[in-house]
Amino acid sequence: MRHIFKGYILPALILLFVAALIVFAGQLAAQTSWAAGVRATAATQPSEVGPAPTDLPTFLGAIAISLVRLTLLIGFPAIITWNILRRIEQRTSGKR
Amino acid sequence: MEHAIKKSFSLTQIKLLVALGILLLFVIINAPQFTGLAWHEWISFAFVLPFLAHLILSWKWIVSVMTRLFKKLPGDTRFNQIWDTFLFVMMTVVIFSGTIISEKALPALNIHIKIDPFWRSIHTTSANLLMLMFGVHLAMHWKWIVSNFRRYILRQPSAASETS
């Protein structure tokens, strides 16, 4: 019983507490003057996401934008990290 | 013994399927221009389930690493510990901000929240940051994904999967 509490329930409660703390901090941040500035800027900008593409040109455009975004934001960091890991591995195996 | 080996293999298979599901959903969610706003929101809500499953399946690792917060750890484990903590924080911010700016899914459930442009801005920025962090997280576990994908999906035996 003690093992279940220490191994499962307590860590889950801590995780939930951390998540609640983040949400609470976010709500507090939303009251600041910085948030008012962000709000004023964001209110003038249109939403980036609209309805799904319905014709071929917008469909192809959406695929192109998505591919570029995914490549830049997920692919690049993944490739850079992978190369760093490989170099570290090669260096440590060379030392042996 | 045989039962234990069989059980651990099936757990690895479940972990692999959940990881692949998360990867697929994450890519789809982060192409909102392609899916449109309504699908983006519904798929994002559905994403919470595999995300929780991923946490539960990695629970032993999370607890073992977090209980050794101030103890000596191997370099890659320490990096994963810090990185995954920030990833969890960022995921919480993205899920929370995304939920309160919902324009399609929540109103469809008869929940109406006044949309604050501040949270829309936070959602866009944190989602972009999350994608960068996800790329690094993916690379850190790429070897495990590839070796188990070869083993369980392509049915090719590999030496690396024996040890993971």
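# Exercises on a two-chain helical model

What covers the buried residues of H5(B) includes helix H1 (2–29) of chain A, together with H3 and H7 of chain B. The model is predicted. Work through the exercises with the structure open.

## Exercise 1: Helix H5 of chain B

Find which residues of H5(B) are buried. Then check the span of H5(B) against its 26 residues.

Solution. 
- Step 1. Look along the helix for buried positions. They are Asp84(B), Met91(B), Val93(B), Val94(B), Ser97(B) and Gly98(B).
- Step 2. Recall the helix rule. An α-helix has 3.6 residues a turn, so residues three or four places apart point the same way.
- Step 3. Work out the expected span. The rule is 1.5 Å times one less than the number of residues. For the 26 residues of H5(B), this should give 38 Å.
- Step 4. Compare with the model. The end C-alpha atoms of H5(B) are 38 Å apart, which agrees.

## Exercise 2: Chain B as a whole

State how many helices and strands chain B has. Then describe its box and its buried share.

Solution. 
- Step 1. Count the elements. Chain B has 9 helices and 0 strands. From the N terminus, the order reads α-α-α-α-α-α-α-α-α.
- Step 2. Take the box along the principal axes. The C-alpha atoms of chain B fill roughly 55 × 40 × 25 Å.
- Step 3. Take the buried share. Of the 164 residues in chain B, 23% are buried.
- Step 4. Turn to contacts with a separation of 6 or more. In chain B, 60% of these join residues 24 or more positions apart.

## Exercise 3: The largest nonpolar core

Say which elements build the largest nonpolar core, and which gives the most.

Solution. 
- Step 1. Start with the core itself. It has 21 residues. Those with the most contacts inside it are Ile74(A), Ala78(A), Phe118(B), Leu130(B), Met131(B) and Phe134(B).
- Step 2. List the elements that give two or more residues. From chain A come helix H2 (33–44) and helix H3 (56–95). From chain B come helix H1 (2–29), helix H5 (75–100) and helix H7 (117–140).
- Step 3. Pick the main contributor. H7(B) gives the most to this core, with 10 residues.
- Step 4. Zoom in on Phe118(B). Beyond its neighbours within four places in sequence, Phe118(B) is in contact with Ala30(A), Ala35(A), Val38(A), Arg39(A) and Ala42(A).

## Exercise 4: Where the chains meet

Describe the side of chain B that touches chain A.

Solution. 
- Step 1. Count both sides. Chain B gives 34 residues to the contact and chain A gives 32 residues.
- Step 2. Name the elements of chain B that give two or more residues. They are helix H2 (32–35), helix H3 (37–57), helix H4 (59–66), H5 and H7.
- Step 3. Find the main one. H7(B) gives the most to this side, with 14 residues.
- Step 4. Sort the residues on this side of chain B. They divide into 22 nonpolar, 10 polar and 2 charged.

Terms used: Residues are numbered from 1 along each chain as its sequence is written. Chains are lettered from A and ligands numbered from 1 in the order in which they are written. This is a predicted model: local features need pLDDT of at least 70, side-chain atom pairs count only at pLDDT 80 or more; totals for chains, interfaces and linings use all residues. A nonpolar core is a set of buried Ala, Val, Leu, Ile, Met, Phe, Trp, Tyr and Cys residues joined through C-beta atoms within 7 Å. A residue is buried if 20 or more other C-beta atoms lie within 10 Å of its own, exposed if 12 or fewer, and partly exposed in between; C-beta atoms are placed from the backbone. Helices (H or I, at least four residues) and strands (E, at least two) are DSSP runs, numbered from the N terminus. Two residues are in contact if their C-beta atoms, placed from the backbone, lie within 7 Å. Ala, Val, Leu, Ile, Met, Phe, Trp, Tyr, Cys and Pro count as nonpolar, Asp, Glu, Lys and Arg as charged, and the others, Gly among them, as polar.
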